[in-house]
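Please check each against the coordinates.

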Amino acid sequence: MLIIGAGINGIATFRDLAMQGVDVAIIDKGDYVSGASSASSHMIHGGVRYLENGEFRLVKESVEERNSLLKIAPHYVKPLKTTIPIYSTFSGVLSAPMRFLTHRQGAAQERGALLIKIGMMLYDSFSRDGGAVPRHEFLGRKASLRLLPRLNPGLKYTATYYDASMHDPERLALDVLADGLAAGAHARSANYIEAIGMDAAGVRLRNAVTGAEFSFEADIVVNTSGPWTDLTNTALGQTSTYMGGTKGSHIVLDNPELLAATGGREIFFEHKDGRIVLIFPLAGRVLIGTTDLEHDMTQPARCTEAEVDYFFDLVKHVFPDVAVDRSQIVFRFAGVRPLPRHDDEAPGFVSRDYRIESRPLGARPGTLLSLVGGKWTTFRALAEHLSGNILALLGLPRTVSTVGLAIGGGRNFPSTDAAHRVWIAANSDEVGAPRAEQLLTRYGTRASEVIEFVTADPGAGEPDAALDQHAAYSRREIEFLAATESVVHLTDLVLRRTSMAFRGELSLALLDELAGVLAPVLGWDAARAALEVELTVALLRDLHGVELESVGTASASPA
Ligand SMILES: Cc1cc2nc3c(=O)[nH]c(=O)nc-3n(C[C@H](O)[C@H](O)[C@H](O)COP(=O)(O)OP(=O)(O)OC[C@H]3O[C@@H](n4cnc5c(N)ncnc54)[C@H](O)[C@@H]3O)c2cc1C
């Protein structure tokens, strides 16, 4: 079996199949989780707004998966209190989730409080799971403004309910991948390997680093290349027109006033144009998104200046007296949702549900399966479904269920205060309690592997000494990531193995230092290390709106 595309859906399918003992390989043309899966709004959500399309199956599955992820990946998936401000004087009023009730589209006159209340009750009814998350709460103007005084005083009500958010989607996906690889030597993975064609010997692959090409023999090929699914099929000689993804962008703001104004909640609402948008606190920053625009998949996705204006406008709508400006943006990101082709339907209303397309491989005997759609939230259930189809094709029984199976550093995660204290006490001997705490937050219980590594070979000097340019990471920790997590480029480290870029923590001096740490582990000479810094600076500028000083300046500086 070959899985093409290592976003969360390909990776989760890989894990599921690996656990059944299937001989499976997964590849990605870029780094793991560098496609749509790194561009999400970080929500693990039941999708209250999918009620608008009457997508009850999807909402039910999403809510069940959300509740399950809170238990099986508690290190990265946390409950998220979500508040909808309801302004009856505005045209929006979160009418969207209620459209299925009224069978009307377009501008809502006054689908305010009552209908939202009904939607919340429906959502609660899907959420019944021994109280995984608390029920919704509906408050009037006064009480709402007491709790969130910076909200637009024109509001009439707020509705508050619980969903979940993932603090570090990239690391969660890497944990899922590691679990698949741990199943045995029959499960293999490689990043920077692109599927470029098909011949009688198998799928033609190209190593994106060396340019080497070779054929890979597989009986079943699964195309989980997300928004690139049609492009991949075309490369395999199997033209398809399944996809119609839309671009969505986000900005990350360092704005303590806005952070405080959210009161630690996600603020979720309908903007003037009818789009459902969000403002929410994450990792000490504020995430604002998102848009829904047509996109050409042969081009990279970028967050444009017009989208930034749109985001600032929506902040003004909800928190009118909190000032935001471009100097506070520490990171921008954009990605394309792998949605099914939608022809005339407005992007916001396209189904977020998934389906699996099957056809013969063509050039050789075998089957090509293509995944169309699939959110982050439902990755486990989707993988179970997709690998179920594959097991049926192979005539193999399912031997392991992934229902309720803990993921990576979520295994034996200390969820109560008492368990937490026990874990810290047991792991802080050599690194101290604050550092053990920091690593537990960052890696879940896999932190004990990190601690073992950073304290194993002290060499000269302090074993777990912090980087000069980043007090929260040690040199040995970076070496651990480089040695164990398939880091190929410096960008992999700053964007996906750590959240340094997302939080706006990068500087040229830090990039230089990181490249210096990676070099001996990855066999880079000085020229390659300098090139990696240069490529990272260019990519951050081009795709993430991050301007670091020119490379020459920092390299020349004593820092
Ligand atoms: C703006 C935005 C906001 C979102 N918000 C949420 C949210 O809050 N919650 C939620 O649940 N979902 C959200 N989603 C949806 C979710 O992120 C995606 O549906 C999901 O990540 C798709 O994962 P995937 O594995 O199918 O695709 P991808 O993550 O795109 O993975 C496909 C991979 O295939 C690789 N690839 C492509 N072509 C080839 C080839 N020829 N050879 C080898 N590899 C190839 C790519 O490099 C890529 O890594 C959001 C999506 C976007 C864009």
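1. How far does helix α6 (residues 169–181) reach from its first C-alpha to its last? The helix has 13 residues and reaches 19 Å, close to the 18 Å expected at 1.5 Å a residue. The expected span of a helix is 1.5 Å times one less than its number of residues. Eleven of the 13 residues of α6 are buried, so the helix is largely enclosed by the rest of the structure; among them are Arg171, Leu174, Asp175 and Gly180. Buried means under 20% relative accessible area, exposed over 50%, and partly exposed in between, with a 1.4 Å probe and protein chains only.

2. On provenance: this is a predicted model, in which local features need pLDDT of at least 70 and side-chain atom pairs count only at pLDDT 80 or more, while totals for chains, interfaces and linings use all residues. Residues are numbered from 1 along each chain as its sequence is written, and side-chain values use heavy atoms, with hydrogens and water left out.

3. Overall content. The protein has 18 helices and 19 strands; helices (H or I, at least four residues) and strands (E, at least two) are DSSP runs, numbered from the N terminus. Of its 559 residues, 58% count as buried. The protein exposes about 21,600 Å², and carbon and sulfur atoms supply 54% of that area; accessible areas come from the Shrake-Rupley method with a 1.4 Å probe, and for residues only the protein chains shown count as cover. Among contacts with a separation of 6 or more, 70% come from residues 24 or more positions apart, where contact means heavy atoms within 4.5 Å.

4. Helix α9 (residues 305–318) passes the same length check: at 1.5 Å a residue its 14 residues should span 20 Å, and its end C-alpha atoms are 20 Å apart, which agrees. Its buried residues include Tyr310, Phe311 and Phe312, as well as Glu307 and His317.

5. The structure holds 39 salt bridges, each a side-chain nitrogen of Lys or Arg within 4 Å of a carboxyl oxygen of Asp or Glu. One of them pairs glutamate 65 with arginine 380, with the closest N and O atoms 2.9 Å apart. This pair links distant parts of the chain, since glutamate 65 is in helix α2 (residues 56–72) and arginine 380 in helix α10, 315 residues apart. Both residues are buried.

6. Two further pairs can be set beside it. Glutamate 357 bridges to arginine 355, the closest N and O atoms being 2.7 Å apart; glutamate 357 is partly exposed at 22% relative accessible area, and arginine 355 is partly exposed at 35%. Glutamate 532 and arginine 528 form a salt bridge with the closest N and O atoms 2.8 Å apart. Both lie in helix α17 (residues 526–544), four residues apart, about one turn of the helix. An α-helix has 3.6 residues a turn, so residues three or four places apart point the same way. Glutamate 532 is buried, with a relative accessible area of 2%, whereas arginine 528 is partly exposed at 25%. Elsewhere, salt bridges that share partners join Arg171, Asp175, Arg446, Glu449 and Glu485 into one network.

7. Glutamine 20 sits in the loop between α1 (8–19) and β2 (24–27) and counts as buried because its relative accessibility is 10%. Its side chain reaches the backbone nitrogen of threonine 399 at 2.8 Å. Leaving aside residues up to four places away in sequence, glutamine 20 touches Leu391, Arg398, Thr399 and Val400.

8. Which residues form a nonpolar patch on the surface? They are Leu393, Leu394 and Leu396, with about 240 Å² of accessible area together. Patches are made of residues with over 30% relative accessible area and no salt bridge; like charges are joined within 9 Å, and nonpolar side chains (Val, Leu, Ile, Met, Phe, Trp, Tyr) within 5 Å. Leucine 396 is in the loop between α10 (379–394) and α11 (417–427) and, at 40% relative accessibility, counts as partly exposed.

9. Backbone geometry to inspect. Most residues other than glycine have a negative phi, and most peptide bonds are trans. A cis peptide bond joins glycine 289 and threonine 290, with omega about -5 degrees; threonine 290 is in the loop between β15 (285–289) and β16 (293–294). Histidine 42, in the loop between β2 and β3 (43–44), has a positive phi of about 65 degrees and is buried at 3% relative accessibility. Tyrosine 192, in the loop between β7 (187–190) and β8 (193–199), has a positive phi of about 55 degrees and is buried at 11%.

Notes: Polar contact = N/O pair within 3.5 Å; in protein donor to acceptor, adjacent residues only side chain to side chain.
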